Amino acid sequence: MKRLPIDEPGEPDSRSAARFLLWVLRHQLPTIIAGIALGIVWMVSQALVPAALGAGVDALTSHDRGALGAAGGALLGLGTVTAVSGIMRHRFAVTNFLSAGFRTMQVTARHATRLGATLPKKVATGEVVSIGTTDFDHVGYAMDVTARGGGAVVAIVVVSVLLLDVSVPLGLVVVIGVPLLVAVVGLLLKPLHQRRRAQRELAGALTGRAADIVSGLRILRGIGGEDVVSGRYRTESQQVRAAGIRVAKVETLLEGAQILLPGLFVALVTWLGARFAVAGKITPGELVAFYAYAAFLVSPLRTLTEVAEKVTRGHVAAGRVVSLLRVEPELHDPARPEAPHDGDLEDPGSGFTAGHGRLTAIAAARPEHAAAIADRIGLLDPGSEARLLGVPLRTMRIDDVRSHVVVADNDDRLFRGRLRDELGGHQTTKSDTAVLGALETAAAQDIVDALPDGLDTEVAERGRDFSGGQQQRLRLARVLALDPPVLVLVEPTSAVDTHTEALIARRLPAARAGRTTVVCTTSPLLLDRADVVAFVDATGRVAATGTHRELLATCPAYSATVTREEDA
């Protein structure tokens with residue numbers, strides 16, 4: 001997996017959603033601080049405009065040209081500072097948004113990779129997808145809003161000091177009124193938080209349902225189950241819609257409060273200022289300044305409520321991320337890992353042994369028994385007791401086992417991107433010759449030849465542009481191109497025609513010469529090419545071993561299995 005361009009020191013704090021947000025903030029602290037500093041300059045420069053404007057009005061009334069020129073110069077300077085600092089603040093805000101979002105995706109993808117086979121057992125597909133689509137934005141906006149939030153707080157403090165300096169009563173109105181407004185808005189945040197969390201859970205489940213429907217659409221059409229599944233999806237979709245309406249009701253109240261309360265506050269300050277001006281307690285210029293201050297305060301007040309809203313959303317999103325990060329893998333690296341070595345691969349649970357450097361086939365009376373053996377010798381089963389050269393796989397590092405023993409089955413998927421990259425994997429030194437050799441072995445060269453751009457053709461998501469048999473052959477070519485020391489193939493030719501299967505069966509032994517290969521199949525064409533065939537009976541244990549022709553002659557149960565007889 002390509003590493004995202006984010007410096008990622010340490011592991012995320014998954015003890016709580018708040019701690020995760022603090023972890024994200026801490027690891028991009030320089031840009032957060034820069035954004036807040038620029039936000040303060042940007043907002044304070046706007047806060048000082050009323051003072052300069054009031055000074056200009058007083059200069060006009062007193063016919064003081066010097067003071068008027070100074071006030072005009074101050075307004076020009078403040079406008080310039082506001083423009084420059086606003087541009088830079090926005091740049092840092094976008095940087096903070098993207099950094100937080102991609103960092104969230106990065107730790108999620110890394111943990112999903114670490115979970116491996118545990119992930120689909122414990123986490124729904126839709127949950128992981130929602131983190132990369134919805135939670136990405138919300139965590140990012142929680143970091144984005146810090147710049148404007150810091151500026152809003154400092155601007156309110158500056159305006160309060162200026163008002164107190166001119167008129168203590170008016171200054172106290174601002175000092176006392178602003179916290180009250182914030183407290184009133186805060187009463188709406190708790191129900192909003194709860195309703196958003198409920199909606200988020202329902203939306204994640206619905207996304208998982210949609211992913212399942214898309215992946216199994218062909219099967220559903222084949223058995224005529226579209227109506228049943230679409231009905232279930234419609235029901236769950238209506239539940240998400242109802243949850244969204246409940247969220248919207250609180251959001252509507254919050255949006256109305258953001259407009260109504262600051263508006264009433266501006267009207268109060270303006271009314272008090274007018275009375276003070278009539279009474280001669282403040283000058284006309286100070287009255288204009290007071291009105292401008294009151295109008296200006298609407299912006300930082302709305303920013304504070306926006307901060308509360310976006311942090312709430314970010315907290316809910318971080319909670320979903322933390323829930324995923326808390327899922328523990330079923331397998332862990334040992335304290336003192338052993339190094340993998342070439343040798344026989346054994347599965348004591350079934351009595352199966354794959355000889356080093358040989359092509360061994362597993363023919364099982366029940367396909368699930370062959371798949372279970374493949375999971376154990378590939379260390380995909382947490383209860384595996386498989387051994388490599390007599391050393392238990394569980395005593396080795398997981399990454400070492402994964403690079404040494406590769407298991408490929410029909411649940412694998414083709415990813416979106418260039419076909420050359422898909423088949424070459426992460427091995428940047430792999431030449432086209434090796435990839436073309438793997439395609440030849442998998443009888444997939446004709447697929448590439450038919451593509452408009454050959455190996456440079458873009459593969460669609462899940463390889464949906466290819467038929468089932470073409471996908472299977474391309475997946476086989478991909479795993480052959482990896483050329484691992486031990487390769488385990490589960491039903492690698494189940495979706496291809498007999499002629500293509502014969503080509504693969506003839507070419508596979510030569511392509512894997514000198515390396516250990518295990519093929520789980522009941523295809524006579526593949527079994528006849530294997531060095532050794534292990535027959536697994538209905539109990540899940542190896543009942544007989546030998547060549548395909550020997551077992552046909554000596555083991556009736558094997559013969560019945562591979563010839564698809566009714567009494568298998």
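Reader: Which residues are buried in H17?
Author: Gly469, Gln471, Gln472, Arg473, Leu474, Arg475, Leu476, Ala477, Arg478, Val479, Leu480 and Ala481 are buried in H17. Buried means under 20% relative accessible area, exposed means over 50%, and partly exposed is in between (1.4 Å probe, protein chains only).

Reader: What kind of model is this, and what counts?
Author: This is a predicted model, in which local features need pLDDT of at least 70 and side-chain atom pairs count only at pLDDT 80 or more, while totals for chains, interfaces and linings use all residues. Residues are numbered from 1 along each chain as its sequence is written, and side-chain values use heavy atoms, with hydrogens and water left out.

Reader: Back to H17. How many of its residues are buried?
Author: Twelve of the 15 residues of H17 are buried, so the helix is mostly covered.

Reader: What covers the buried residues of H17?
Author: The cover includes strand S6 (405–408), helix H14 (419–424), helix H15 (432–441), helix H16 (445–449), strand S9 (486–490) and helix H18 (498–511). Helices (H or I, at least four residues) and strands (E, at least two) are DSSP runs, numbered from the N terminus.

Reader: How many Å does H17 reach from its first C-alpha to its last?
Author: H17 (residues 468–482) reaches 22 Å, close to the 21 Å expected at 1.5 Å a residue. The expected span is 1.5 Å times one less than the number of residues.

Reader: And H18, what does that reach?
Author: H18 has 14 residues and reaches 20 Å from first to last C-alpha, close to the 20 Å expected.

Reader: What do the buried residues of H18 pack against?
Author: They pack against H15, H17, S9, strand S10 (516–520) and helix H19 (524–527). The buried residues in H18 are Thr500, Glu501, Leu503, Ile504, Ala505 and Leu508.

Reader: Take valine 518 in S10. What does valine 518 touch?
Author: Not counting residues up to four places away in sequence, valine 518 touches Phe352, Ala354, Thr360, Ile362, Ile377, Leu487, Val488 and Leu489. Contact means heavy atoms within 4.5 Å.

Reader: Is valine 518 buried or exposed?
Author: Valine 518 is buried, with a relative accessible area of 0%. Its C-alpha is 7.8 Å from that of valine 486, which is 32 residues apart along the chain.

Reader: Where does alanine 443 lie?
Author: Alanine 443 is in the loop between H15 and H16, and it is buried at a relative accessible area of 8%. Glutamate 491 sits in the loop between S9 and H18 and is partly exposed, at 26%.

Reader: Now H3 and H11. At what angle do their axes cross?
Author: The axes of H3 (residues 49–61) and H11 (residues 284–325) cross at roughly 155° and come within 7 Å. Axes are lines fitted to C-alpha atoms, for helices over the stretch in contact, and angles run from 0 to 180 degrees between N-to-C directions.

Reader: How are H3 and H11 oriented to each other?
Author: H3 and H11 are roughly antiparallel. Angles under 35 degrees count as roughly parallel, over 145 as roughly antiparallel, 65 to 115 as roughly perpendicular and the rest as oblique.

Reader: Which residues make the contact of H3 and H11?
Author: H3 contributes Pro50, Ala51, Leu53, Gly54, Val57 and Asp58, and H11 contributes Pro284, Gly285, Glu286, Val288, Ala289, Ala292 and Tyr293. By class, the contact has nine nonpolar, two polar and two charged residues. Ala, Val, Leu, Ile, Met, Phe, Trp, Tyr, Cys and Pro count as nonpolar, Asp, Glu, Lys and Arg as charged, and the others, Gly among them, as polar.

Reader: What about H1 and H11, at what angle do they pack?
Author: H1 (residues 17–26) and H11 pack at about 100°, with axes 8 Å apart, and are therefore roughly perpendicular to each other. Ala17, Ala18, Phe20 and Leu21 in H1 meet Gly314, His315, Ala318, Gly319, Val321, Val322 and Leu325 in H11. This contact divides into eight nonpolar, three polar and no charged residues.

Reader: Last one. What separates the C-alpha atoms of valine 435 and leucine 170?
Author: They are separated by 78 Å, at 265 residues apart along the chain. Valine 435 is in H15 and counts as buried, at 3% relative accessibility.
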